[in-house]
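This briefing is for a reader meeting the structure for the first time. Please look at the sequence and the 3D view before going on to the notes.

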Amino acid sequence: MNSTMIQFFHWYSEGKGKLWNHAAEQSQYLSDLGITSVWFPPAYKGTDGENSIGYDAYDLFDLGEFDQKNAVGTKYGTKDDYLNAIKSLKDKNIQVIVDIVLGHKAGGDELEKFKAVKVDEENRDKVISDTIEIESYTKFTFPGRQKKYSEFEWNFTCFSGVDYAEGKDSHIYKIISEYGDGWEKMIDDEKGNYDYLMFNDVEHRNPHVREELNKWAQWYFEQTDFDGVRLDALKHISFDFYKEWLTLLRSNTGKNIFAVGEYWAPGYLDLLQKYIETTEGCMSLFDSSLQNNFCTASREGNSYDLRRIFDETLTQADPMHSVSLVDNHDTQPLQDLEAPVEYWFKPIAYALILLRENGYPCIFYPDLYGAHYKDYDREGNEQEIFLNKVDGIEGLLKARKDNAYGIQRDYFEDANCLGWVREGNDEYSGCAVVLSNKDAYEKPMEMGEKYVGKTFFDLLGRFEDKVVINENGWGNFPVPAGNVSVWISE
């Protein structure tokens, strides 16, 4: 069966303590749709307890078990809830992908004094102060956990930089360290060196830190039996760290753990390819370039040439390492990287990632369930957002599950109307897909000799009329204006 991932959360997931139970309740529904893996948000305690999304990681060993940061559970529930959700999904043969945040820590327990220098925020290689002594929350003792699972305590030698100094202005401070004069090496020179992202930046050159993070990974696996990992903020972490971390994780668990990394560089395919090459193909990457193309196409409307939709994308250049997506928690409205695909185009975008042979598609929770939330925009104005379930998303998922197999033939001769067929195989029947960003259209396409005389209907219900395949194996498949149609055999 085709593999399909869902990101089972968004930035504003509703209801404290409810997500894990919700996932358990939805396991059968997801299985029926053909979902084969669920990507969960960070499951460990963040600095704001039940309010933390999870990317402000405080204690990696607290999966909602200890009274820390004013709560036992996390935003998503307790450890027992989490383990129950994982079991419910696995009972339906759905794999679990856990979110890994190892680039920074937040919410330190005690202040420490140490030496540091200020750096230019737009060029972190540029030092703009003398060496000074500062005080920051870099001591992590995890008093609520009382050393259960790990006795390791973090201190300032475990970090390369901070953005907080007691009694001083907020700024980026590079810690004077025995592990190197500068930041860790990145593959790109954005901001001079983009090692530092936020909070307390983890110093992966510290061998004690690497040892602790490797031990934690094995512990996490033993607790949850996860099947894959989503690696956060790769742009800000030394490329050699995750190469070693994944090698040891796979070796220690005896399991070929799937890995997909977030290297967000819309429009910069060369950086994605460079990262894959540098890390020797040890992980896949989200195709941020394709998501960027979808966003652009949705905004430009019928002036966009659909034949360019896969240009400069990882899905086209290296499909074996591509996880394709339409939107995620960073691109959704009111987020810093806001770049949502407009609603009218989403059925088209999902057809392009779900019903073609290249890439590993990931759908986004609000696109299957809808979402409603409030937040402030960049001008400081409160906005109320309603995200509707994508029209036809269940049909598109079921077509991927039951029909999107076999030889693919493309009909990309028109700038505003694309089509392709999947011939099917011995186990699954095929399908014909047509999409338009302009007018209604009828596209002649070849289904193949085995379909001669067969009747096809529109799975998404756009048309009542049927298409009969002629004696040459061809059919004329219509599509509504600005929409998609999926045709399968009766």
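The model is predicted. Helices α2 and α3 cross at roughly 65°, while helices α8 and α10 cross at roughly 10°.

- Strands of a sheet are held in pairs by backbone hydrogen bonds, in either a parallel or an antiparallel sense.
- One of the pairs joins β15, residues 284-286, to β16, residues 322-325, in the parallel sense and over two bridges.

**Helix α2**

- Helix α2 covers residues 79-91.
- The 13 residues of α2 should span 18 Å at 1.5 Å a residue, and the C-alpha atoms at its ends are 18 Å apart, so the two values agree.
- The buried residues in α2 include K79, Y82, A85, I86, S88 and L89.
- Among the elements that cover these buried residues are helix α1 (19-33), strand β2 (37-39), strand β5 (95-100) and helix α3.
- After α2 comes N93, which has a positive phi, near 60°.

**Helices α2 and α3**

- The axis of α2 comes within 10 Å of the axis of α3, which spans residues 207-224, and the two cross at roughly 65°.
- Angles of 65 to 115 degrees count as roughly perpendicular, so α2 and α3 are described as roughly perpendicular to each other.
- On the α2 side, the contact is made by K79, Y82, L83, I86 and K90. On the α3 side, W219, Y220, Q223 and T224 take part.
- The residues of this contact comprise five nonpolar, two polar and two charged.
- K79, Y82 and I86 of α2 are in this contact and are also buried.

**Helices α8 and α10**

- Helix α8 (residues 346-354) and helix α10 (residues 393-402) have axes that come within 10 Å and cross at roughly 10°.
- That angle makes α8 roughly parallel to α10.
- The residues in contact are P347, Y350, A351, I353 and L354 of α8, together with I393, L396, L397 and R400 of α10.
- In this contact, eight residues are nonpolar, none is polar and one is charged.

Technical notes:
Residues are numbered from 1 along each chain as its sequence is written. This is a predicted model: local features need pLDDT of at least 70, side-chain atom pairs count only at pLDDT 80 or more; totals for chains, interfaces and linings use all residues. Side-chain values use heavy atoms; hydrogens and water are left out. Two strands pair if DSSP finds at least two bridges between them. Helices (H or I, at least four residues) and strands (E, at least two) are DSSP runs, numbered from the N terminus. Axes are lines fitted to C-alpha atoms, for helices over the stretch in contact, and angles run from 0 to 180 degrees between N-to-C directions. Angles under 35 degrees count as roughly parallel, over 145 as roughly antiparallel, 65 to 115 as roughly perpendicular and the rest as oblique. Contact means heavy atoms within 4.5 Å. Ala, Val, Leu, Ile, Met, Phe, Trp, Tyr, Cys and Pro count as nonpolar, Asp, Glu, Lys and Arg as charged, and the others, Gly among them, as polar. The expected span of a helix is 1.5 Å times one less than its number of residues. Buried means under 20% relative accessible area, exposed over 50%, partly exposed in between (1.4 Å probe, protein chains only).
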